[in-house]
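Here is a short report on one protein model. Please keep the sequence and the 3D view open while reading.

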Amino acid sequence: MAKDMNMNMALFMAQSGACFYCGCEFEGRALPGKKHLHGWSKDHVKPLCKGNNAVRNSVLACLSCNAEKKDREPTRQEFERAQRIWTGALRYLKAFNGNAPPMLKG
Ligand SMILES: [Zn+2]
């Protein structure tokens, strides 16, 4: 079970199962390998064309927030909150997996 811990689940826990933007609670739970589940999806805090697809750029958002946001740049507040969430998520990952994936190190 601990083996199944992945970044989606870590983010889910770090965000207390709620949308990054509006705070609505997600139904169900995060599952490995699923991008869309019960109305939530991965959102890139910085738009893909400007940021990159790294985990540190991802948060979980409900589908309507994700659609609304599109290519908007994050506010400073959002960006700082995302960093706190990543820190928490990495802590979960380390606790469950022993080690963070190589791309998350450093
Ligand atoms: Zn939302």
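The side chains of S41 and N66 make a polar contact at 2.5 Å. The model is predicted, and this distance is computed from its atoms. S41 sits in strand 1. Is S41 buried or exposed? Its relative accessible area is 1%, under the 20% cut-off, so S41 counts as buried.

**Strands.** The setting of S41 is strand 1. Four of the five residues in strand 1 are buried, so the rest of the structure largely encloses this strand. Strand 1 pairs with strand 2 through five bridges, and the two run antiparallel. One of the bridge pairs joins H44 to S58 in strand 2.

**Zinc site.** Which residues hold the zinc ion? The protein donors are the SG atoms of C19, C22, C62 and C65, at 2.3 to 2.4 Å from the ion. The angles among the four donor atoms run from 102 to 117°, and the site is tetrahedral. Along the sequence, the donor residues follow the spacing C-x2-C-x39-C-x2-C. C19 and C65 link distant parts of the chain, 46 residues apart. C19 lies in the loop between helix 1 and strand 1, whereas C65 belongs to helix 2. Both of these cysteines, C19 and C65, are buried.

**Helix 3.** This helix covers residues 76-97, 22 residues in total. From first C-alpha to last, helix 3 reaches 31 Å. That is close to the 32 Å expected at 1.5 Å a residue. Its buried residues are E78, A82, I85, W86, G88, A89, L90 and L93. What covers them? Helix 1 and strand 2 are included in the cover over the buried residues of helix 3.

**Elements with their ranges.** The table lists elements named above.

| Element | Residues |
|---|---|
| Helix 1 | 7-14 |
| Strand 1 | 40-44 |
| Strand 2 | 58-62 |
| Helix 2 | 63-69 |
| Helix 3 | 76-97 |

**Whole chain.** The protein chain holds three helices and two strands. Read along the sequence, their pattern is α-β-β-α-α. How much of the chain is buried? Of its 106 residues, 42% count as buried. Among contacts with a separation of 6 or more, 59% come from residues 24 or more positions apart.

Conventions:
Residues numbered from 1 in each chain as written. Predicted model: local features only at pLDDT ≥ 70, side-chain atom pairs only at ≥ 80, totals over all residues. Heavy atoms only, no water. Donors = N, O, S within 2.8 Å, 3.2 Å for Na, K, Ca; no water. Tetrahedral: all angles 85-135°; square planar, octahedral: opposite > 155°, others 65-115°. Buried < 20%, exposed > 50% of the residue type's maximum accessible area, 1.4 Å probe, protein only. Polar contact = N/O pair within 3.5 Å; in protein donor to acceptor, adjacent residues only side chain to side chain. Expected span 1.5 Å × (residues − 1). Contact = heavy atoms within 4.5 Å. Pairing = 2+ DSSP bridges.
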